[in-house]
Amino acid sequence: MTTTTLPLLTPNDFSSDREVRWCPGCGDFSILAQLKKALASLNLPREKIAFVSGLGCAGRLPYYLSTYGFHGTYGRAPAIATGLKLAQPDMQVWVVTGDGDALSTGATHLIHALRRNVDLKIILFNNEVFGLSKGQYSPTSRLGTLTRTSPEGTFETPLRPISLALAAEATFVARTIDVDVNHMSTILEKAAAHRGGAFVEIYQNCKIFNDGVFEYATDTSIKADSIIYLEHGRPLLFGKDRNQGLRLNGFEPEIVTVGHGITIDDLLIHDERAIEPTLAFLLSRLIGPQYPECLGIFRNVQRATYEQLLRDSAASSAARPLDALLAGDDSWIVS
Amino acid sequence: MTSREQRLAAQPTTPSPASRIVDIPSAAIRFAGDASDGMHLIGSLFTSAAAAFGNTVFTLPDFPAEIRSPPGTLAGVSAFQVHLGSHEVYTPGDSLQALVAMNPAALAAHLRDLDSGGVLVANADTFIPDELMKAGWTTNPLTDGTLKDYRVVAAPIDMLNREAVSAVNLIPREASRCRGYYPLGIALWLFDKPLDSTLRWLRETYAKNPAMIEAASRSLRAGFQFAQACGLRQQIRVSKAAPAPGRYRRINGTESMALGLVSAAHRTKVPMVFASFPLTPASELLRTMTEYRQPDIQVVQAEDDVAALNLVLGAAFGGALGVTATTGPGLSLQSEALGLAVMTELPCVIIDVQRAGPSTGMPTRTEQADLLQALHGRHGEAPVIVLAMSTPGDGFEVVQEAVRLAIRAMAPVIVLADAYLAHAAQMWRVPAAADLSEMPVTFAVPGQPLRVPDDRGVKPWAAAGTPGLEHRIGGLERHAVTGNVSYDAENHERMVRARAAKIASLAHDIPPLTVDGPETGDLLVLGWGSTCGAIQAAANRCRARGANIATANLRYLAPLPRNTLAVLRRYRKVLLPELNMGQLAQLLRAVLGVEVISMTKVQGRSFTVAEIASRMDELSRDS
């Protein structure tokens, strides 16, 4: 048996010849750079990778990569990507979407791609605003967000993408943030390695229409107190002095300070592989300023993929030969 | 007298003298009853018996609108109509020469279609006050004179069946399940058909339940003997037809489309992804494709019609044959993805099993009112190919043609079927898989320029996954040469025109419109889709009376065959029957500038042969 050594691709090998046209300072630049790094780490040839996107700023991303790309219509990328995955099961298929694309028009398709566990890597750029259509509130805009269509502040309760993905039975669910490049690249690589549907929410700053909405998670002076980094098997600790923790009081999460009779053992231990996503869901509900928000992997479990089950089910029903199908169950000869 | 004696007293019990046989070229019978009466099975067995005898057959089931309607109500009546002929029959038959009504509701729903003098077989056991009331009869039609124009066989079928099967050890439920075989026996005698094919079917079907074989056979024979003895005296004989030698089966439009798709995958050797959301009446095609699955045909039940077509486009990007099936409202949802298919130049097939609309309309009823939606129902200038299926068996040909054209033009093809075609069944000569010619498909190879079109303006199919052909497609306008996103004004016009020209030039790849009958003359009856059968039958009827009528069936609706205008101009009048408000007529006037006489019907039902024949007669007289 011979082994073929793949030519090593660098992140730059994944650049297309297209000029990147996002606004200066957009969080998307950082995501694109980390994606290229993650792709280079896959040891997959370019033709085995595809990016499928919907509309909005995030939707432009496939044009900036040298892989296969399909820039679809608003919200439909998960459906397009599912079809591609069925036709080309050996390809790694990514879906690039935004909060408007995935959670307004495309909410149905996102939910069904996740519940089926199609082996897609779905990354949702969440900037909590419609950017390309010039600054309207989105389904994730937090209450009170001032936009061109919510001049008094939004009054619609926002969707929480991680909660939605967990409710949709996603097998890999994670959150990261545009400016934390090391964290993002770890998450993207783990999403890429996951066999099954992977959902990654990326907090992404829109410089023009919603600047600074994630400041609590980026400003180094306050970040430590407002973010919990999820680590599998580790207690949920945060804070500048790593002495703040999360414990469960009945069904309610409670922030406690370690010391004064409270020890590390009292804290919740993060288990991304828990079969039931109950605690992951609880973590997905933590929103500032009352609670720190979680970054990292909420859930990472294995379940058979849709494309595999579909093939298995077809294989298990003995396909009738074409002649038998054509003749049907009741045919007769006229001589 | 006991109640049994009372009932039998109403019936002649002495064997009648040799019955008279009336020979007619074709006849129709309908079996109607509650869903639990199994009328579709009984009708289907009658059809098999007629086909085995040598008749041509054409059948149409009629479904209740609800899944489980209250027994005995009009809403719960289910029926199955069989038209048998000594020549080719093209429709289920306009009116009935015989009707089996298993309860008062079935009689109320279907009596109006029975010819005067026709035979009515009624299950007298169900004509009791409660059942009559549920069906809206204030008095008993079996005794109040309502049926004086018909030859009535009022048989206490429940009781006679119980009696026939009493010697067999069956639980009551099983005994009752045999009930339908009794009127089947009556019908087989009435139409002078032997029992052997039904008996053989019973032996094969109930091989593991000998008691059931015995009981059902007894019920069937008892019905046959009852009919012989009950004084009907007159049998209907439709003699054998003489179809070309070969293997035949019955096929409905759903089965023929599914077999066409499987055959297309077989001929192209390209994997197929069939994705569909279950909507009546297209849902049967999803079920049938699931049943016919092959290793290289993946069948997906999508979350909605939008997902179905987008999934198909993703599959086509990956080099698979993508097919979806839907009905009018689903096609509306797919208009967005159709635009994307036009823009990305990906091949795909969309089957629209039309139903009566708009909106939810009458989901189990037929109509041809999606034509303009199929042709034009999109944003932007988005031409697609549109084909129409014309007979139940034609689905086999038309979907393979759709696959061929989709790949030839790298464009979406819409196939217009309808609820009538999906359910109606006809005799169909079974092709051998070995006789299906190959349909070679060429994919782009590494190094091939993807933007260079062939002589028809078609660019190569570059399947994702191919090394060296990595490229990006999407819904944004492209520069004609570089393929990059472009908002250039002149380029957009060039691209819009190129996409239109590509579809228009496909007219060179399709056969010309052919005419049945005189090449020139006074009257051409032009049809498209499912009206074809009634037009054919009506023309034959009028020709037999001496009228010189030409007919043509327009399978290709976009692009039109190149000779369409020339053909229409060869006749003084063109009659165009459609199950809509005149959509094709409107289109032909606008596009070809010809005058056509529009004949329309929007009742959720097909044209009868008589309706079309009478219009033909009028127009022939006028000329």
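Reply: A residue is buried if 20 or more other C-beta atoms lie within 10 Å of its own, exposed if 12 or fewer, and partly exposed in between, with C-beta atoms placed from the backbone. Helices (H or I, at least four residues) and strands (E, at least two) are DSSP runs, numbered from the N terminus. This is a predicted model, in which local features need pLDDT of at least 70 and side-chain atom pairs count only at pLDDT 80 or more, while totals for chains, interfaces and linings use all residues. Residues are numbered from 1 along each chain as its sequence is written, and chains are lettered from A and ligands numbered from 1 in the order in which they are written.

Me: How many residues of helix α11 of chain B are buried?
Reply: Helix α11(B) covers residues 283-292 and is mostly covered. Among its buried residues are B:Leu285, B:Leu286, B:Met289 and B:Tyr292.

Me: Which element gives the largest share of the side of chain B that touches chain A?
Reply: Two residues are in contact if their C-beta atoms, placed from the backbone, lie within 7 Å. The contact takes 47 residues from chain A and 54 from chain B. Elements of chain B that each supply at least two residues to this side include α2 (39-53), α10 (253-268) and α12 (305-317). The largest share, nine residues, comes from α12(B).

Me: Why does A:Gly131 count as buried?
Reply: A:Gly131 belongs to the loop between β5 (129-130) and β6 (136-137) of chain A. Leaving aside neighbours within four places in sequence, its contacts include A:Gly56, A:Cys57 and A:Phe209. A:Cys57 is 74 residues away in sequence, yet the C-alpha to C-alpha distance is 6.6 Å. A:Gly131 is buried because the number of other C-beta atoms within 10 Å is 26.

Me: At what angle does α12(B) run to β12(B)?
Reply: Seven strands of chain B form an open sheet with mixed pairing, in the order β11-β10-β12-β13-β15-β14-β21. Its edge strands, each pairing on one side only, are β11 (297-301) and β21 (556-558). Axes are lines fitted to C-alpha atoms, for helices over the stretch in contact, and angles run from 0 to 180 degrees between N-to-C directions. Helix α12(B) lies across β10, β11, β12 and β13 of chain B, and its angle to β12(B) is about 165°.

Me: Which residue of β11(B) stands opposite B:Ser276?
Reply: Strand β10(B), residues 272-276, pairs with β11(B) in the parallel sense over five bridges. The residue opposite B:Ser276 is B:Gln301.

Me: Which residue of β4(B) is the bridge partner of B:Thr59?
Reply: Strand β3(B), residues 56-62, has five of its seven residues buried, so it is largely enclosed by the rest of the structure. Two bridges join β3(B) to the antiparallel strand β16(B), residues 425-429, where B:Phe58 stands opposite B:Gln426. Seven bridges join β3(B) to β4(B), residues 77-85, also antiparallel. The bridge partner of B:Thr59 in β4(B) is B:Val82.

Terms used: Pairing = 2+ DSSP bridges.
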